[in-house]
Number of protein chains: 2
Amino acid sequence: MSQEPAVRPRKQPVQARSRAMVETILDAAARILIEEGLDDMTTNRVSERAGIGIGSLYQYFPNKQALVAELAHRHKQETLAAVKEVTFTPDEPIQNIIRRIVRNHIRLHSVDPEMHIALARELPRLGVMDWHEELNHDIYKSLRKLFDAHPLTAKYANPDLVLFILRTSVEAIIHKAIIERDSDVRSGALEDELTRLVSSYLV
Amino acid sequence: MSQEPAVRPRKQPVQARSRAMVETILDAAARILIEEGLDDMTTNRVSERAGIGIGSLYQYFPNKQALVAELAHRHKQETLAAVKEVTFTPDEPIQNIIRRIVRNHIRLHSVDPEMHIALARELPRLGVMDWHEELNHDIYKSLRKLFDAHPLTAKYANPDLVLFILRTSVEAIIHKAIIERDSDVRSGALEDELTRLVSSYLV
DNA sequence: TCAAAATACGAGCTATCATTCGCATTTTCT
DNA sequence: AGAAAATGCGAATGATAGCTCGTATTTTGA
């Protein structure tokens with residue numbers, strides 16, 4: 001798998017100052033996106049806030065969409081870098097496995113949560129509906145593996161639906177808890193309760 | 001409780017034809033909002049699709065925001081009309097109660113689900129963050145009551161978090177299932193599984 | 001050193017969109 | 001009928017935002 005282009009800069013910055021400028025632009029864009037939303041993130045405002053000329057911005061980003069795409073691309077890379085797939089052996093206590101999966105997913109959402117929230121809020125209308133799905137891909141794989149490896153699978157008439165319910169609820173709860181229940185996230189209470197939710201439903 | 005104004009039409013249509021026109025406008029707006037999103041729902045396009053003049057639109061809606069507000073307002077009214085709060089007595093089997101709450105919530109989302117999805121997608125950036133919360137208010141009340149009435153409450157160290165987890169997961173699962181798992185919704189499989197999820201977690 | 005390449009700039013072009021306003025048509029009511 | 005009220009209309013306006021392009025400045029490297 002090669003890196004996704006994410007609509008690359010129209011020109012690669014080669015000198016140090018121009019590379020720095022690209023970072024400055026992205027920082028400014030990120031702040032505005034988070035604080036005021038995509039509509040108020042005009043290219044002129046970004047350049048103003050970054051303290052550079054609007055022309056310079058377009059030297060490296062062919063259009064506004066490319067700017068957003070690059071922000072999303074970077075967020076995805078940072079996020080995925082922080083998470084590794086959960087591995088386990090079938091004889092391991094299932095509680096432990098579930099807890100590790102949950103913990104991993106919480107960590108996934110803890111990387112720059114403000115950007116995560118902003119992207120989740122703004123990207124759907126750009127037709128990037130599968131962004132979230134893609135980000136959560138590893139979690140889904142872990143859950144799927146747990147599901148296939150453990151004998152408990154056989155119990156369910158509709159394992160597909162069960163899996164859907166699990167990943168949807170885990171994802172939504174963490175997503176919302178990051179915003180509304182920071183203390184529970186930090187204290188580990190969320191991890192405990194989520195583990196309990198998944199365990200009790202599954203076993 | 002009086003009807004919320006929702007930014008009322010600048011002028012009340014009194015003749016039959018003008019009242020019909022307001023409906024036509026709202027229908028056109030709804031279709032475009034659902035199919036193409038808020039950005040592409042320009043007032044001129046709405047008037048064109050409705051087959052009326054742009055000036056006529058502004059006779060009854062002071063601005064675009066009022067148009068969207070009226071769509072949201074109507075959706076909310078239709079939705080709430082379809083749901084009544086779940087009542088029960090403490091000695092009733094908890095499984096039954098949970099099932100009725102779940103069923104009610106599924107029905108809540110089954111009223112014009114396309115509009116529901118569109119509003120959930122577009123409203124957050126208009127600062128209407130609590131729209132969803134408000135819609136689900138009755139469900140929350142039901143859950144809260146169940147929680148307070150039943151002795152099982154005492155078991156939990158952090159009942160607030162438990163309630164948060166329940167309402168978030170139930171809400172998210174139904175919301176997503178309406179889009180992605182229509183057959184499971186219709187067959188009742190979703191109701192079964194959700195009931196099981198809540199029951200097993202709670203008891 | 002000095003010319004070529006890279007970088008930076010921002011006034012202004014173009015397109016889009018919400019909204020207005022003066023006028024035409026239809027309905028109401030006496 | 002016929003005047004007044006209600007309704008309907010759409011070209012035009014004003015504002016905003018994405019983006020371009022000619023020019024000025026800085027860096028490179030021979």
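Which helix gives the most to the surface near DNA strand C? Keep the question in mind while selecting the parts below.

**Before you start**

This is a predicted model, in which local features need pLDDT of at least 70, side-chain atom pairs count only at pLDDT 80 or more, and totals for chains, interfaces and linings use all residues. Residues are numbered from 1 along each chain as its sequence is written, while chains are lettered from A and ligands numbered from 1 in the order in which they are written.

**Stop 1: chain A**

Chain A has 11 helices and zero strands. Helices (H or I, at least four residues) and strands (E, at least two) are DSSP runs, numbered from the N terminus. The C-alpha trace of chain A spans about 60 × 35 × 30 Å along its principal axes.

**Stop 2: DNA strand C**

Now select DNA strand C and the residues around it. There are 23 of these residues, and the closest are A:Ile52, A:Gly53, A:Gly55, B:Thr42 and B:Asn63. A residue is near a molecule or strand if its C-beta atom, placed from the backbone, lies within 6 Å of it.

Colour the helices next. H1 (16-36) and H3 (54-60) of chain A, along with H2 (43-50) and H3 (54-60) of chain B, each supply at least two residues of this surface. H3(A) gives the most, with four residues. By class, the surface near DNA strand C divides into seven nonpolar, 12 polar and four charged residues. Here Ala, Val, Leu, Ile, Met, Phe, Trp, Tyr, Cys and Pro count as nonpolar, Asp, Glu, Lys and Arg as charged, and the others, Gly among them, as polar.

**Stop 3: DNA strand D**

Move to DNA strand D. For DNA strand D, H3(B) gives the most, with four residues. The classes are seven nonpolar, 12 polar and four charged.

**Stop 4: the two chains together**

Show chains A and B. The contact between them takes 24 residues from chain B and 23 residues from chain A. Two residues are in contact if their C-beta atoms, placed from the backbone, lie within 7 Å. On the side of chain B that touches chain A, the largest share, nine residues, comes from H9(B). That side has 10 nonpolar, five polar and nine charged residues.

How is chain B superposed on chain A? A rotation of 180 degrees with 0.0 Å of shift along its axis does this, with an RMSD of 0.1 Å. The two copies are thus related as by a two-fold rotation axis. Copies are superposed by least squares on the C-alpha atoms of residues with pLDDT of at least 70 in both. To find the axis, select B:Ser169: of the residues of chain B, its C-alpha comes closest, at 2.2 Å.

**Stop 5: H9 and H11 of chain B**

Finally, select residues 159-180 (H9) and 189-202 (H11) of chain B, whose axes come within 11 Å and cross at roughly 165 degrees. Axes are lines fitted to C-alpha atoms, for helices over the stretch in contact, and angles run from 0 to 180 degrees between N-to-C directions. H9(B) and H11(B) are therefore roughly antiparallel to each other; angles over 145 degrees count as such. Show side chains: B:Leu166, B:Val170, B:Ile173 and B:Ala177 in H9(B) meet B:Leu190, B:Leu194 and B:Val198 in H11(B). This contact has seven nonpolar, no polar and no charged residues.

Methods. Angles under 35 degrees count as roughly parallel, over 145 as roughly antiparallel, 65 to 115 as roughly perpendicular and the rest as oblique.
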